[in-house]
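Dear colleague,

Please find below the structure that I am handing over to you. My notes on it follow directly after.

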Amino acid sequence: MDFQIYGFTNLFLFTITLFFTITSATFQENPKSPISTVPQINSNSILVALLDSHYTELSELVEKALLLQTLEEAVSKHNITIFAPKNEALERDLDPEFKRFLLEPGNLKSLQNLLLFHMIPTRIVSKNWPARGRVHSTLYAGEENVLQISEKKTEKSVSSAKIIKQDDIVKPDGIIHGIERVLIPKSVQQDFNNRRSLRSISAVLPEGAPEVDPRTHRLKKPVSVPAGAPPVLPVYDALAPGPSLAPAPAPGPGGPHHHFDGESQVKDFIQTLLHYGGYNELADILVNLTSLATEMGKLVSEGYVLTVLAPNDEAMAKLTTDQLSEPGAPEQIMYYHLIPEYQTEESMYNSVRRFGKINYDTLRLPHKVVAEEADGSVKFGQGEGSAYLVDPDIYTDGRISVQGVDGVLFPLEEIKAAPIAAPVAKVVAKPRRGKLMEVVCGTMGSFAFASCH
């Protein structure tokens with residue numbers, strides 16, 4: 001019994017010895033095991049500090065460039081100095097086209113080279129800054145991969161960038177200095193220039209701008225316009241010259257282009273005004289007193305877009321007979337309420353909130369209508385002649401937008417000149433009472449025609 005136990009013990013010890021012998025031989029044959037090559041980065045590393053720092057734009061680009069493993073290996077071997085551009089330099093000051101080039105998946109190498117060009121494999125603190133200048137190689141391995149570090153009159157700089165935050169982040173394995181601009185290596189700039197030149201070469205060859213006859217405001221040569229594309233002529237050239245500003249002939253629903261049915265769209269928005277209520281006077285002007293409805297239909301058929309600032313009936317009732325009796329007065333008033341853009345209540349309000357005051361072009365050249373934010377809405381015009389947007393998006397179909405306002409707008413020049421031009425002893429004209437046809441009837445009566453009351 002004792003012999004069997006003793007033999008089993010010897011066999012067990014022999015097996016353990018053989019196992020350790022084979023294991024040690026295996027490690028000797030494979031000295032480069034994955035465990036021994038992975039760098040150990042602690043929480044006090046300069047890389048961790050960079051990712052958690054206020055240099056958010058730079059840290060985001062480092063992650064997008066897949067450089068974390070490369071930088072971990074560099075930090076495990078030696079200290080590094082990082083020249084970090086401020087966020088504004090990467091976000092606003094950098095050319096948007098160049099930034100798009102860097103973020104394209106096919107240009108990952110260019111982005112990596114740009115970032116590595118801001119890092120040198122040595123530790124440089126502000127108190128040891130070279131006064132006479134010194135050249136240091138960067139982690140970028142391409143040609144001309146050096147940075148010139150110098151100091152002039154207590155102003156430290158690296159190549160063409162000024163140091164704005166010295167020793168901003170200090171860690172045992174590295175240091176970060178803040179710089180005012182991005183450093184771009186010549187190879188990356190050359191790659192960007194080559195790509196831009198290639199894009200311009202491969203683009204469609206330009207054929208030149210269409211020539212417009214200044215006498216007729218028509219194209220000298222017909223130009224084919226694809227469906228849905230904006231028209232070639234500006235909207236002002238599509239309007240014939242003269243007091244009436246009647247638009248140029250344009251194809252209707254059965255025209256050769258078959259792009260838009262402007263007449264039906266104008267008819268729809270006028271019917272919408274009538275059903276909405278409170279805008280009957282505007283519909284009366286567009287259809288009965290003027291030919292603006294037909295002219296707008298022709299413009300929309302040709303591919304133009306319009307935004308109508310529609311005064312409500314209460315605002316139209318404040319117009320006097322003198323304001324409407326002059327030849328072409330209703331047309332001129334309405335042209336000042338037509339904007340040759342497609343704007344909705346949301347787009348106009350966002351614009352005035354962001355930019356303060358916006359000057360919109362109108363079809364009454366050269367006058368513009370001013371828009372600004374007021375009391376949570378959009379206010380058009382200035383002073384006493386202003387009007388608020390009270391009924392937003394009465395009609396929006398992608399070509400015509402109708403926005404209801406509570407006042408009739410006039411150019412600022414006319415508002416200022418009105419009190420001077422009016423005689424002192426002039427009797428104030430009786431306000432309109434909601435029927436614009438009275439103006440026409442009064443005019444006919446002055447010429448001895450039968451009254452239409």
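In these notes, a residue is called buried under 20% relative accessible area, exposed over 50% and partly exposed in between, with a 1.4 Å probe and protein chains only. By that scale D393 is partly exposed, since its relative accessible area is 33%. The model is a predicted one, in which local features need pLDDT of at least 70, side-chain atom pairs count only at pLDDT 80 or more, and totals for chains, interfaces and linings use all residues. Residues are numbered from 1 along each chain as its sequence is written, and side-chain values use heavy atoms, with hydrogens and water left out.

Backbone features

D393 is found in strand β15 (residues 387-396); helices (H or I, at least four residues) and strands (E, at least two) are DSSP runs, numbered from the N terminus. Although D393 is a residue other than glycine, its phi is positive, near 50°. D375, again not a glycine, has a positive phi of about 55°. The place of D375 is the loop between β13 and β14 (377-380), and with a relative accessible area of 73% this residue is exposed. A cis peptide bond, with omega about -5°, joins L365 and P366. P366 is found in the loop that runs between β12 (357-361) and β13 (368-374).

Strand β1 (residues 80-85) runs parallel to strand β7 (residues 174-179), and 6 bridges join them. Within this pair, F83 has H177 of β7 as its bridge partner. β7 is also joined to β6 by 5 bridges, here in the antiparallel sense. I169 has I176 in β7 as its bridge partner, and the hairpin formed by β6 and β7 has 2 residues between the strands.

Strand β5 (residues 155-158) and strand β6 (residues 161-171) are antiparallel and pair over 2 bridges. The bridge partner of V158 in β6 is A161. The hairpin of β5 and β6 has 2 residues between its strands, and S159 takes a positive phi near 55° there.

T138 lies in the loop between β3 (134-137) and β4 (146-152). Is T138 buried or exposed? Its relative accessibility is 7%, so T138 counts as buried. The T138 side chain reaches the backbone nitrogen of Y140 at 3.3 Å. Such a polar contact is a pair of N or O atoms within 3.5 Å; within protein, one must be able to donate a hydrogen and the other to accept it, and residues adjacent in sequence count only if both atoms are side-chain atoms. Leaving aside neighbours within four places in sequence, T138 is in contact with L116, F117, M119, I120, P121, N145, V146 and L147, where contact means heavy atoms within 4.5 Å.

Helices

Two packed helices are described by the angle between their axes and the distance between the axes. Here, axes are lines fitted to C-alpha atoms, for helices over the stretch in contact, and angles run from 0 to 180 degrees between N-to-C directions. Angles under 35 degrees count as roughly parallel, over 145 as roughly antiparallel, 65 to 115 as roughly perpendicular and the rest as oblique.

Helix α4 (residues 56-64) and helix α8 (residues 108-116) have axes that come within 10 Å and cross at roughly 135°. α4 and α8 are therefore oblique to each other. On the α4 side, L58, L61, V62 and K64 meet L108, L111 and L115 of α8.

Helix α11 (residues 262-276) packs against helix α12 (residues 280-289) at an angle of about 150°, with the axes 8 Å apart. α11 and α12 are therefore roughly antiparallel to each other. F269, I270, L273 and L274 of α11 make the contact with N280, L282, A283, L286 and V287 of α12.

Helix α13 (residues 292-302) is mostly covered, as 8 of its 11 residues are buried. The buried residues are L292, A293, E295, M296, G297, L299, V300 and S301. Just after α13, G303 takes a positive phi of about 110°.

With kind regards

Key: Two strands pair if DSSP finds at least two bridges between them.
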